[in-house]
Amino acid sequence: MNLEKLAKALIPDTDLLSVSEYEQLYPPRDMPAGAEVTRLAPSPTGFIHLGNLYSALADERAAHTTGGIFYLRIEDTDDKRKVDGAVESVIRSLDYFGLKFDEGAEIASPLNKYGPYYQRARAKIYRAFAKDLIARGLAYPCFCTAEELDEIREEQTAQGQTPGYWGKWAKCRNLSEEEIYSALSAKKPFVIRLKSQGDISKKFTFRDAIKGDITVTENDQDVVILKSDGIPTYHFAHAIDDHFMRTTLVIRGEEWLASLPVHLELFKVLGFKPPRYAHTASLMKMDGDTKRKLSKRKDPELSLDYYRAAGYFAPAVVKYLMTLLNSDFEEWEMKNPAADYRDFKFRINKMGKSGALFDLQKLADVSRSEISKLSEDECFAFLKGWADEFGSEADKARFENREYIIKILALIMGTGGKKRRKDLETAPQAIRLTDYFFDDAFSPEYSFRQDDETVNRVLSLFAESYDPSDDNQTWFAKLKAIAPRVGFAAEMSEYKQNPEAYRGNVSDVAEILRIAVTGSPNSPDLCTVMGILGKERTLARIAAAKR
RNA sequence: GGCCCUGUGGUCAAGCGGUUAAGACGGAGCCCUCUCAAGGCUCAAUCUCGGGUUCGAUUCCCGACAGGGUCACCA
């Protein structure tokens, strides 16, 4: 059979470069030794979830801790998956979490020399190599219809054979020249398949950067490399793109492990040196009583946009993911509490081999601790940032009087002091804590535990003696003085020794006042709260709370 | 079902032939306290199961079992 002629008939494009011309067009990168080139290669659905961020963070760290390149490639070979604005959404989401691409799709960079970064725009390259493979007898056209393939599969299943297009089942593998040209002139649609040279009975060991040595058999499947629309499958595009974009380290989910033999054979027939691979254990989630991989369809609450909207502190999410990526990160962080996480020496080979369960409690803990480290300005910026994008009008308005809100934050969150509140996981949680400082949000449902008479008496007595210039101690002494007048113990110790002798104690006095002023039995130091509210509002609230 | 990966407390996990089997989250309890928060202290909880190898296995080997993944003209 004249293979050159066949290649021209199958792929008639006349504007394709030669194999060596592509090598010149995309020369090896000039990089320091040890620098890794990694990539994020999503399909353009625009939806990325925590699992994707986890893997993207591994890519980004691997590149940026070695002085390498982290780029974005869009795998749009399946047009069913395309969603408008998806690429921008990916970039924006990752940027929110502090991950930046050095080059790639929609990235303005002088480094963009290995594009185009959309696979659809790279059709010529794939076709050039498919043509070369055909001419070398390593690929062939297949005219089987979906129905025929189904039949083959059924037959294979019935016989207990491995399903797929291989060996004797690969009907089109040995089509005669005549059969091919007659099918072609009949305009029958066709795909291009790899003519696998592999032997299923031969095993080989492959070294994965995370999983270590993995023994698999050679590939014997005549996989599709060019679909009937002339667009490559993932496998073919992967081999060509990662070669010509000069990727050094392919980090991807372990679901790809199964197709590794295919990819390695592709690299081999193409004459490319394969990159190093790191197959990451995927992030899992509890579903009923079994674990399963995080799924974009089933777990919309794991969307990155969800975390943004929920007001999680982005650096906290990243740090949580870092603890999952390299478990010694946490220890390192304890030793270097002030250091940037980027200073940590991320190691791809220290990643866990088995899939970690996504632990919302742990994320919450990291989040609490990160938020508790925020300075006044950072805290203000964080909360305002959330309010501006996701908060109500009232929430937004709250940040207009900077001086006032800063005072409140210092009180409720302890910003500026050493006693920091550490139970806040998200921005809205913190903002809700400021509600009673704003009259428009102050709508108390008083829940006094004492009878009306006691409440009124305490309130009146306090109002009479209240002096906004009192310091904390003086203020509290006045509270203590009120206690015996309503039959309560002034000292906690006295009360504890003899609880039956009193109707209550100072803390009950404080509670009445607290509910009156803040609407809640819980608040930070009441004296300071009153100070921030000012005498007028304090007294007005006390008056309004009377039964 | 075939093939591949994985298997230390509830969760994330250190460990790499001899350890009282780290640490973190979570849980329980106590103390302190004007409430909340914060802080201090204490406790419970783990090597999937069999066989080997070895003076000695959580650690090495084999098997079982369990969990996960994958078997497309999707990525």
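Begin by selecting what covers the buried residues of helix α1, which includes α5 (123-135), β4 (139-142), α7 (177-185) and β5 (191-194); contact here asks for C-beta atoms, placed from the backbone, within 7 Å of each other. Helices (H or I, at least four residues) and strands (E, at least two) are DSSP runs, numbered from the N terminus. This is a predicted model, in which local features need pLDDT of at least 70 and side-chain atom pairs count only at pLDDT 80 or more, while totals for chains, interfaces and linings use all residues. Residues are numbered from 1 along each chain as its sequence is written, and chains are lettered from A and ligands numbered from 1 in the order in which they are written.

**Helix α1**

Now select α1 itself, residues 3-10, where Leu6, Ala7 and Leu10 are buried (20 or more other C-beta atoms within 10 Å of the residue's own; 12 or fewer is exposed, and in between is partly exposed). These three residues cover an arc of only 100° around the axis, which puts them on the same side of α1; the arc is that of the directions from the helix axis to the C-beta atoms. An α-helix has 3.6 residues a turn, so residues three or four places apart point the same way. Turn to the face directed away from the buried side, and you will find the exposed residues Glu4 and Lys5.

Axes are lines fitted to C-alpha atoms, for helices over the stretch in contact, and angles run from 0 to 180 degrees between N-to-C directions. Ile125, Tyr126 and Phe129 of α5 meet Phe236, Ala237 and Ile240 of α8, and the residues of this contact divide into six nonpolar, no polar and no charged (Ala, Val, Leu, Ile, Met, Phe, Trp, Tyr, Cys and Pro count as nonpolar, Asp, Glu, Lys and Arg as charged, and the others, Gly among them, as polar).

**The β1-β2-β3 sheet**

Move to the open sheet of three strands in the order β1-β2-β3, in which the pairing is parallel. At its edges stand β1 (37-40) and β3 (103-104), each with a single partner strand, so one side of each is left without a neighbour in the sheet. Four bridges join β1 to β2 (residues 69-72), and arginine 39 has tyrosine 71 in β2 as its bridge partner. Helix α3 (residues 50-64) lies across β1 and β2 and runs at about 160° to β1.

**A hairpin**

Select residues 284-287 and 290-293, the antiparallel strands β11 and β12, which are joined by four bridges. Lysine 285 stands opposite arginine 292 in β12. The two strands form a hairpin with two residues between them, and glycine 288 in the turn has a positive phi of about 70°.

**Aspartate 340**

Continue to the loop between α12 (329-335) and α13 (360-371), which holds aspartate 340. Aspartate 340 is exposed, with 8 other C-beta atoms within 10 Å. The C-alpha atoms of aspartate 340 and alanine 516 are separated by 44 Å, and the two residues are 176 residues apart along the chain.

**Helix α23**

Finish at α23 (residues 535-544), whose buried residues are Thr538, Arg541 and Ile542. They cover an arc of only 100° around the axis, which puts them on the same side of α23, while Glu536, Ala543 and Ala544 are exposed on the other side. Among the elements that cover the buried residues are α18 (452-465), α21 (506-518) and α22 (526-533).

Conventions. Contact = placed C-beta atoms within 7 Å. Pairing = 2+ DSSP bridges.
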